Structure formats: structure tokens, C-alpha cells
Amino acid sequence: MTDTAPTRLTIRRPDDWHLHLRDGDMLAGVLPHTAAHFGRAIIMPNLVPPVTTGAMAAAYRERIMAALPEGMKFEPLMVLYLTEDTDPEDVAAAHKAGIATSVKLYPAGATTNSSSGVRDFDKVRPVLEKMAEIGMPLCVHGEVTDSDIDIFDREAVFIDRVLHPIRKKVPDLRVVMEHVTTQDAVDYVRDNHKNLGATITTHHLIINRNHILAGGIKPHFYCLPVAKREKHRIALVEAATSGDPRFFLGTDSAPHSDPNKLQACGCAGIFTAPNTMSCLAEVFEAAGKLKKLEAFASLNGPAFYKLPASEQTITLVKGDPVQYPEKIHTGAGDVTVFDPGFPLHWRVE
Ligand SMILES: NC(=O)N[C@@H](CC(=O)O)C(=O)O
Ligand SMILES: [Zn+2]
Ligand SMILES: [Zn+2]
């Protein structure tokens, strides 16, 4: 470290544009870890049963606020789970009433709790057209589910077969490609200037597929979309640290209890809420782009969602390696915290 390398960084309070909080005891256990650092988060609706209507989103938001510890400030931005039966008028009413910020498209079967997702994309066209009309964004889990498509190719194939056709048919729809994992997705966002953004997770900036599979299988690095080759990770770091306003943080922090992760058929999801900001500071510093962290974590997301950036700030301080728990204990079981595999020197003051 040179004398001039910064050891403090004050940025606007960040937001998380893709977060799983679950419900009940798990919600109570994980929420404080996000609320400690983040002002707002887009709350994914893949509960069982999924959050499909404005009334369900309003009730879920109340459960989140009831689980928030005294004295913590946090604003959940609710999302409706799109099904082939979604009523465009319910979506529009929930948006107008400030209950729902966006709608989430899961291809049926693509990921955790997505069985009620969409099979026939033409069936949801009326909802998408209504959303385009009222300026409500669509968040997309961008993977095809065809068994003949290799799991490492599913994001790239989704862009060609599903996403691009939808965007051609409903050009005014504002779309967020969630948790992008490939150079292909980064290039697609860069080449399509209108109405398109992408979230990038903390863990996809740090791990590639070797981390999951080389030297023994590591269930705690398994998530969807699955981490790809190193060249894709490098493309993600380049996009995230570039300052390009179309790329912003969505941690996809997705808690599953250890017994649900560590079994013959383990769940997909990585829990990064407690140490995300420390991980990101390390990644941005290593890239020589610490100054772009604020754009990625605190400015680009609100700009895409047409919301003001936070008026609050947080300060990251560099020092001795940060101590964070290996797991957190919740009423729904222990949840292992993401281990980036290197020491974290930046902590949120
Ligand atoms: N990312 C994951 O691997 N899992 C998420 C679902 C999702 O975001 O696809 C979950 O809900 O557990
Ligand atoms: Zn997803
Ligand atoms: Zn997710």
C-alpha cells in the first residue's frame, strides 16, 4: 500500500436492487444484515406461495416492516411475481398506489420457487404492454430452462430466444436483466441503449466456476445463474467498475439453511448480505476503481428506477481484516455467509 492509497471512503448509502428476504423466522434473521448497510432493496417475490398480487405484496411489506428491529431504517421496494394469470389492472393499481415497484419474470422452473413462472411468453404480453404504458420496470431472471441447453449457456440463449424478442415486441418496456453472469449479457446491455439495465451480484464479481467445482464441490458457491468461466467474471468486473449507469448492484443475497444447501440435491443461492460492502470495496480497489463504487452501489440503481439517490451516507474504513461470522443463526436454521476466499480489509464504519 502506498502512502496515498485511500483508507476511508464515504459514499451515499447503497441500495440492493435484487434481494431475497424470505419470510417468517428466516426474514427476521436475515433482514437486519441488509438493513445495517442498505437503505432500500428490491424484494424478490419467490415465496411459497409467490407474491403474485398487489394485496399479497402489501401484506408481505407489512411483515418485513414488522420484522425490522427498532431504530433501523429500511425501505422494501416490492415486486410482483408474474404468472400467466397476472391481471394487468392489478399490476397497474399496485404500481399507482406505490405498493409495487416492479414485476419479476421467472421462466417456469428456472430457479428456486419458480414453478408458477411463465411458460408461454405471449400469454403475459398484455401485462408487459400495460407496464410499458405506465413506465413500470420488468426484472428478468434470464435463463432458458430447456433440458437440451447446457446450463452454462442458458443465459446467452435466453437473450436470443426470449429477451430480445420480448424487447422487440414491447420496445417501451423498461427491463432489468437480473444477476448477469456472462460477457454475452454485458455486451447485450452495452449494445442496446434503450430501456435496458442489469444488476450484478457481489459473488459473481469474485467467483468463477472453478471455485464451485475444482478441488471438491462447494455447495455454498452454487447459485443460479451458475458462475461461468473466468473471462466472464472479468467482463462483469469491468462492467461493474466502469461507472456505466446501466450496471448496478443487486446482491441476489439468497439465504437457504445449511441443511437445505448441504444435501444430495442442494438449493441454489449465496448469502452475501453481511459482508457485501466489504467484498465490493475489495473488488473495486483491486481493479483500481474504488471511486466508481458509489456509482455502482448507490447511484446507478436509483437513476434506472427513477428514484432519488439516498440522502444518507456510509463510510468504509480500511484496516485490519474484518471479522464476520462464518454463519448466522436464524430461527429457520443456520445460514452460511459467503466466503470470498481472501481477507476483507474494508468495513462499514
Ligand atoms: N440466485 C439463486 O441461486 N437463488 C435465488 C433465486 C434466483 O435469484 O434465481 C433464491 O431464491 O434462492
Ligand atoms: Zn434469479
Ligand atoms: Zn435472486
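Entry 1: I began with strand 1 and strand 10 (residues 313–318), which run antiparallel and are joined by five bridges. I take strands, like helices, as DSSP runs numbered from the N terminus (E, at least two residues, for strands; H or I, at least four, for helices). The model is predicted: local features need pLDDT of at least 70, side-chain atom pairs count only at pLDDT 80 or more, and totals for chains, interfaces and linings use all residues. Residues are numbered from 1 along each chain as its sequence is written, while chains are lettered from A and ligands numbered from 1 in the order in which they are written.

I looked up one bridge and found that Arg12 has Thr313 in strand 10 as its partner. The open sheet has three strands in the order 1-10-13, with antiparallel pairing; two strands pair if DSSP finds at least two bridges between them. Strand 1 (8–12) and strand 13 (346–348) are the edges, each pairing on one side only. On average, neighbouring strands of this sheet are turned by 25 degrees against each other, direction ignored. Axes here are lines fitted to C-alpha atoms, for helices over the stretch in contact, and angles run from 0 to 180 degrees between N-to-C directions. Helix 10 (residues 276–286) packs on the sheet and touches strand 1, strand 10 and strand 13. Its direction makes about 140 degrees with that of strand 13.

Entry 2: I then traced an open sheet of eight strands, order 2-3-4-5-6-7-8-9, with parallel pairing. Its edge strands are strand 2 (16–19) and strand 9. Three bridges join strand 8 (residues 196–200) to strand 9, and Ala198 has Phe247 in strand 9 as its bridge partner.

I also checked Ile200. Apart from neighbours within four places in sequence, its contacts (C-beta atoms, placed from the backbone, within 7 Å) include Val180, Leu205, Phe247 and Leu249.

Entry 3: I looked up the UniProt record, an unreviewed entry, which lists Asp252 under "active site". UniProt positions are in the numbering used here, feature names are shortened, and annotations may be inferred rather than shown by experiment. I found Asp252 in the loop between strand 9 (247–249) and helix 9 (258–261). Is Asp252 buried or exposed? It is buried, because 27 other C-beta atoms lie within 10 Å. The cut-off for buried is 20 or more such atoms, for exposed 12 or fewer, with partly exposed in between, and C-beta atoms are placed from the backbone. Beyond its neighbours within four places in sequence, Asp252 is in contact with His18, His179, Thr201 and Cys223.

Methods
Two residues are in contact if their C-beta atoms, placed from the backbone, lie within 7 Å.
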